[in-house]
Amino acid sequence: MAIQEQRLIFKYLDEPSYSNDIDCYIKHGGYEQLKKAVGMKPEALCAEVLESGVRGRGGAGFPAGMKWKFLDRKSGKPIYLVCNADESEPGTFKDRQIIHKDPHQLIEGMICSAFAIQAEQAFIYIRGEFFKGYRILEKAIEEARAKNFLGDNILGSGYSCDIVVHRGAGAYICGEETGLIESLEGFRANPRIKPPYFPAALGLYQCPTIVNNVETLCNVKHVIEVGGKEFAKIGTPGNTGTRIWCVSGHVQKPGYYEFPCSALTLGELINDVCGGLKPGRKLKAVIPGGSSSKILRADERFTGKLKNGEEFDWGIEDIPMDFDSLMAVGSMSGSGGVIVMDDTTDMVEALANLNYFYAHESCGQCTPCREGVPWMRKVTARMCAGEAREEDADLLKSIADQIAGRTICAFGEAAAWPVQSFIAKFKDEFVEKAKEQAARRKDGQKAAKETTLI
Amino acid sequence: MNLKPETLDKIEKLIPRYPTKRSSALPLCHLVQEDQGYLSNEGIEWIAAKLDLEPINIIELVTFYPMLRTEPTGKHHVRVCRTLPCALSGAYQTCKKFEEAFNCKVGHTSEDGSVTLEFVECHADCGHGPVVMVGEEQYNDIKPEEAEAFAAKLLNGELGAQV
């Protein structure tokens, strides 16, 4: 018996009769929370979001209410709200569903949030590849404007705010909030250094700016609906609300599944919800929170202490799916992208694939990242091409160690973590690759075997 | 510059929506590219002049953002996602089949100009890999064993919208 999903954000969007137009949304109780919100004090709304404990769904998991609290309100400069709809972390495909099937939920969440922080203007930064999503959002915004849910003097409240949908053009780094801001200003998406450029103080046009993920902003609507205190009862303390887990790779039923935080373990997600692996295959590894998060090996034991002091001793399938547990086992829940790999996966190739991605996406601003990440790509590509050396694992680790912590933005870590964790957990396979190739060469065979992931 | 009246209309409406003119640089690149098929030197200079910028300010965008291009594509622009979740679903083998069917190496345009075949990075639909885009339309679950039939349909103009 499969575990039942408990949908909050995705409650309606897969119902056959549900469509993405405003009438359908209103029929399902849409924009009621906006009506409620504009009758409240903005500070009261911010307090509810803080009390809800809702953490950012884009990757970092920073409490949204806290982020809002950091807003510099004394500068007298206009405040901006930006929705990060760049959804570029490989393995993640949740925001796409909201944008395509329930855009008004996002718009309602955004206007509620914009009112709460008293933003003068709001933007949705949507990735360029979402051609259709862009058109859907544009249409939805027109519909909402026609009903005065946005625009001038929203619902007679005296508050005015408009949303501009801004299309990216295929750069992963635009998902990083300061890179996104640079891009929105019309520049290359080179991230800014923090401090001083914390967006809440010096963001878009050097004005106080809040950048929140699509799912985070949708959550705001639900916080308003039930109140922060009630919302915080979903999930566990510190891990409130639901999470949408996007499962891809070697499972029978890949897809997106919404559950309260901590409601299930990684094993239940893979075996019960996603129907397990293909017949005859064994679990080898899982990347639990988007491609940047550190890989978990199937036969590892995870022991240690949780934030609350509780001791744990888990196998991979016992790990509860929430922010803190995945952090405790040395990885992260990140953007919720769970990439599953079975025993047919060649780990050197898998890392070569990821290195190709990060080398392609480095913005080139910081030397360790610009030079180091393509170097790692070259090493793993060479290994797959038949020229693996036994010392390559150590070389890769040494390069990664010299990138992480030495760059302006977290991309350095995002690119280093896969390499560090693949080497830490599968070093034997990297060394074995060199030995196998040497043996084949000795036999007069071609050293490289045919690759499937690079 | 011979931009279509609809494009010009969109551009005129778009610029004042931003607090600064420069913010509309990337959207203008999209609009001009959609109109012309690519960004020519003339197009780049036109955008720069429109926004009171220097051509280099636009060139640095064109050379940074992967979706902007300075050459036209073939009649069909085929983009295959190659990032890990799609690769685990067979994206590389799918692309190999495409190379044969289109008689075109990935990263190139076929000699008859019918297809430009490219690898792209994650398109955020990883539960349905391999993900393939043809122009602005997305197609999911294009497994290697279906790639040949897919390519044939595409060349015969029988490829409808999938979703």
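**Entry 1: a helix over the sheet of chain B**

I started with helix α6 (residues 91–102) of chain B, which lies across β1 and β3 of chain B and runs at about 155° to β1(B). For the angle I used axes that are lines fitted to C-alpha atoms, for helices over the stretch in contact, with angles from 0 to 180 degrees between N-to-C directions. Helices (H or I, at least four residues) and strands (E, at least two) are DSSP runs, numbered from the N terminus. A note to keep beside everything here: this is a predicted model, in which local features need pLDDT of at least 70 and side-chain atom pairs count only at pLDDT 80 or more, while totals for chains, interfaces and linings use all residues. Residues are numbered from 1 along each chain as its sequence is written, and chains are lettered from A and ligands numbered from 1 in the order in which they are written.

**Entry 2: the sheet itself**

Next I looked up the strand order in chain B: five strands form an open sheet, β2-β3-β1-β4-β5, with mixed pairing. At the edges stand β2 (108–109) and β5 (137–139) of chain B, each with a single partner strand, so one side of each is left without a neighbour in the sheet. I call two strands paired if DSSP finds at least two bridges between them.

I then followed β1 (residues 76–81) of chain B to β3 (residues 115–120) of chain B; the two run parallel and are joined by six bridges. Along this pair, His76(B) has Val115(B) as its bridge partner in β3(B), and Val78(B) stands opposite Leu117(B).

Which residue of β3(B) is the bridge partner of His108(B)? I found Leu117(B). The pairing of β2(B) with β3(B) is antiparallel, over two bridges. These two strands form a hairpin with five residues between them, and Gly113(B) in the turn has a positive phi of about 75°.

**Entry 3: two packed helices**

I moved on to α3 (residues 41–50) and α4 (residues 55–62) of chain B, which pack at an angle of about 120° with their axes 8 Å apart. The pair α3(B) and α4(B) is therefore oblique; the cut-offs are under 35 degrees for roughly parallel, over 145 for roughly antiparallel, 65 to 115 for roughly perpendicular, and oblique for the rest.

On the α3(B) side I listed Ile44(B), Glu45(B), Ile47(B) and Ala48(B), and on the α4(B) side Pro55(B), Asn57(B), Ile58(B), Ile59(B) and Val62(B). Contact here is between residues whose C-beta atoms, placed from the backbone, lie within 7 Å. By class, the residues of this contact are seven nonpolar, one polar and one charged. Ala, Val, Leu, Ile, Met, Phe, Trp, Tyr, Cys and Pro count as nonpolar, Asp, Glu, Lys and Arg as charged, and the others, Gly among them, as polar.

**Entry 4: domains**

The domain bounds come from an automatic or database domain assignment. Chain B is divided into domain 1 (5–62) and domain 2 (76–155), with C-alpha centres 30 Å apart.

**Entry 5: where the chains meet**

Last, I checked the contact of the chains: 43 residues come from chain A and 33 from chain B. On the chain A side, α14(A) gives the largest share, six residues. I sorted that side by class into 19 nonpolar, 17 polar and seven charged residues.

Conventions: Contact = placed C-beta atoms within 7 Å.
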